[in-house]
Amino acid sequence: MSEDSYTCPNNKKVAFVRHTIRKDKTGFQRDFKLYECEDCTDCPFRLDCTKAEAGVNRKLMVNERWEEQKAYVRTKLSEEETGAIYRQRKIDVEPVFAFL
């Protein structure tokens, strides 16, 4: 069984803590998985890794649905057929906006 965690640049474990829901100002809800580093004290990468105050461990929020969508789009954009459509779009659509 694989463990649900990440590894930080300092080789520390960033473990899953809990599921959380965030709601934006329009009321739209998004599900996230919250991860927290086991120990960020005296980390040489701290300034590059997080903006959190000293004494607070690095936290990471992952939206799995969003990550799946990004992977799907990356896959579709790397297909030859999709590339042909976008190449044709440059010829058909973009000049119209340039003339305006």
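The largest nonpolar core in this predicted model has 6 residues: Cys8, Val14, Tyr35, Cys37, Cys40 and Val62. Cys8, Cys37 and Cys40 are among its members, which raises the matter of cysteine pairing.

**Cysteines**

How many disulfides does a search of the whole structure find? The search finds 0 disulfides. Cys37 is in no disulfide; its nearest cysteine sulfur belongs to Cys40 and lies 3.8 Å away. Cys43 is likewise in no disulfide, and the nearest cysteine sulfur to it, that of Cys8, is 5.6 Å away. In general, a disulfide is a covalent bond between the sulfur atoms of two cysteines.

Cys37 is buried, with a relative accessible area of 5%. Cys43 also counts as buried, at 18% relative accessibility; the cut-off for buried is under 20%. Beyond its neighbours within four places in sequence, Cys37 is in contact with Cys8, Lys12, Lys13, Val14, Asn57 and Arg58. Of these contacts, Cys8 and Val14 belong to the nonpolar core listed above.

Asn63 lies in the loop between strand 4 (59–62) and helix 2 (64–78). With 14% relative accessibility, Asn63 counts as buried.

In the case of Arg65, the atom of Asn63 involved is a side-chain oxygen, and the contact sits at the start of helix 2. Leaving out neighbours within four places in sequence, Asn63 is in contact with Arg30, Asp31 and Phe32.

Helix 2 itself has 15 residues. From its first C-alpha to its last, helix 2 reaches 21 Å, close to the 21 Å expected at 1.5 Å a residue. An α-helix has 3.6 residues a turn, so residues three or four places apart point the same way.

**Lys23**

Is Lys23 buried or exposed? Lys23 is exposed, with a relative accessible area of 57%; the cut-off for exposed is over 50%. Lys23 is placed in strand 2, which covers residues 13–23. Not counting residues up to four places away in sequence, Lys23 touches Phe28 and Gln29.

Definitions and conventions: Residues numbered from 1 in each chain as written. Predicted model: local features only at pLDDT ≥ 70, side-chain atom pairs only at ≥ 80, totals over all residues. Heavy atoms only, no water. Disulfide = S-S within 2.5 Å. Buried < 20%, exposed > 50% of the residue type's maximum accessible area, 1.4 Å probe, protein only. Helix = DSSP H or I, 4+ residues; strand = E, 2+ residues; numbered from the N terminus. Contact = heavy atoms within 4.5 Å. Core = buried A, V, L, I, M, F, W, Y, C linked by side-chain atoms within 4.5 Å. Expected span 1.5 Å × (residues − 1). Polar contact = N/O pair within 3.5 Å; in protein donor to acceptor, adjacent residues only side chain to side chain.
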